[in-house]
Amino acid sequence: MDIYRAIADRTRRAILDELVDRSGQSLFELCGRLIMKHGISSSRQAISQHLDVLEAAGLIRTRREGRSKLHWFVGTPLKAIGERWPIATDEDTSNPTEEGIEE
Amino acid sequence: MRINLTSVSVDDQAKALRFYTETLGFRLKHNIPLGEYAWITVVSEEAPEGTELLLEPAEHPAVRRYRTALVEDGIPLASFAVDDVEAEHERLVAEGVRFVQPPTDLGTVITAVFDDSCGNLIQITEEKGQP
């Protein structure tokens, strides 16, 4: 599973947002946050499948705490994006189209 | 029709009675010996005539599998209302209770989930007033 496909989905991005907000969440907690904070009312089964995709892409890890399975965000695979398209230090951030119109 | 009784399945009734009364603060309502087990119910101090919670022995093999699956996904078996989730969290942590979810603001409600040490996860909720 490549990371581009893994993050090319609104629900999976919201899952990562929530895991960044708090590490070590159960499926139940994640589902509660997704519905209450993002209006995402997918079934637990569907969210569980999204978690499998994210885990296959290396973007989350799971660990047992007591008898519960908890999920952590792992940002390392995202470094590949910045390395592939590095941001130049002298990067021109002005918008050439807008400048053209003003002239 | 009224809901007068609901239940949680517990590993050990005596331990559960201690946790639900001494730690959580519910009041014993019935404790009727029934051979190997007992019919034990507790009620809220705030509503002693309200719904009774039955502390039922988790003896059936399917109950154990069911509870294991719920706990794995962090799903609480019961939910209790409190006035202040933060304060209850602080109080229960001091009593040695393990939380799997600390107080979490979900917009209209604040929730937290703890382990009842008898085989279940329990949710506490606080309804937020209108701002």
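Strands, the elements labelled S here, are DSSP runs of at least two residues, numbered from the N terminus. With that label in hand, welcome to this predicted model. One such strand, S5(B), gives the largest share of the lining of the largest pocket, four residues.

**The largest pocket**
- Its volume comes to about 620 Å³.
- The lining has 27 residues, and those closest to the pocket's centre are Phe26(B), Ser44(B), Glu46(B), Phe80(B) and Ala81(B).
- Several elements of chain B supply at least two lining residues each: strands S1 (5-10), S3 (37-43), S4 (52-57) and S5 (78-81), along with helix H3 (85-94).
- Sorted by class, the lining holds 14 nonpolar, six polar and seven charged residues.

**Where the chains meet**
- Chain A brings 16 residues to the contact, and chain B brings 21 residues.
- One salt bridge is counted between chain A and chain B.
- Arg64(A) forms a salt bridge with Glu72(B), and their closest N and O atoms are 2.8 Å apart.

**Confidence in chain A**
- The mean pLDDT of chain A is 90, with 90% of its residues reaching 70 or more.
- Among the elements of chain A, helix H2 (residues 10-21) has the highest mean pLDDT, 97, while helix H6 (residues 96-102) has the lowest, 54.

Note on methods:
Residues are numbered from 1 along each chain as its sequence is written. Chains are lettered from A and ligands numbered from 1 in the order in which they are written. This is a predicted model: local features need pLDDT of at least 70, side-chain atom pairs count only at pLDDT 80 or more; totals for chains, interfaces and linings use all residues. Side-chain values use heavy atoms; hydrogens and water are left out. pLDDT is the predictor's confidence in each residue, from 0 to 100. On a 1 Å grid over the protein atoms alone, a cavity is a set of points where a 1.4 Å probe fits but cannot get out, and a pocket is an open set with protein on both sides within 12 Å along at least five of seven lines; lining residues have an atom within 4 Å of a point. Grid points are joined across faces, edges and corners, and a volume is the space filled by probe spheres set on the points. Ala, Val, Leu, Ile, Met, Phe, Trp, Tyr, Cys and Pro count as nonpolar, Asp, Glu, Lys and Arg as charged, and the others, Gly among them, as polar. Contact means heavy atoms within 4.5 Å. A salt bridge is a side-chain nitrogen of Lys or Arg within 4 Å of a carboxyl oxygen of Asp or Glu.
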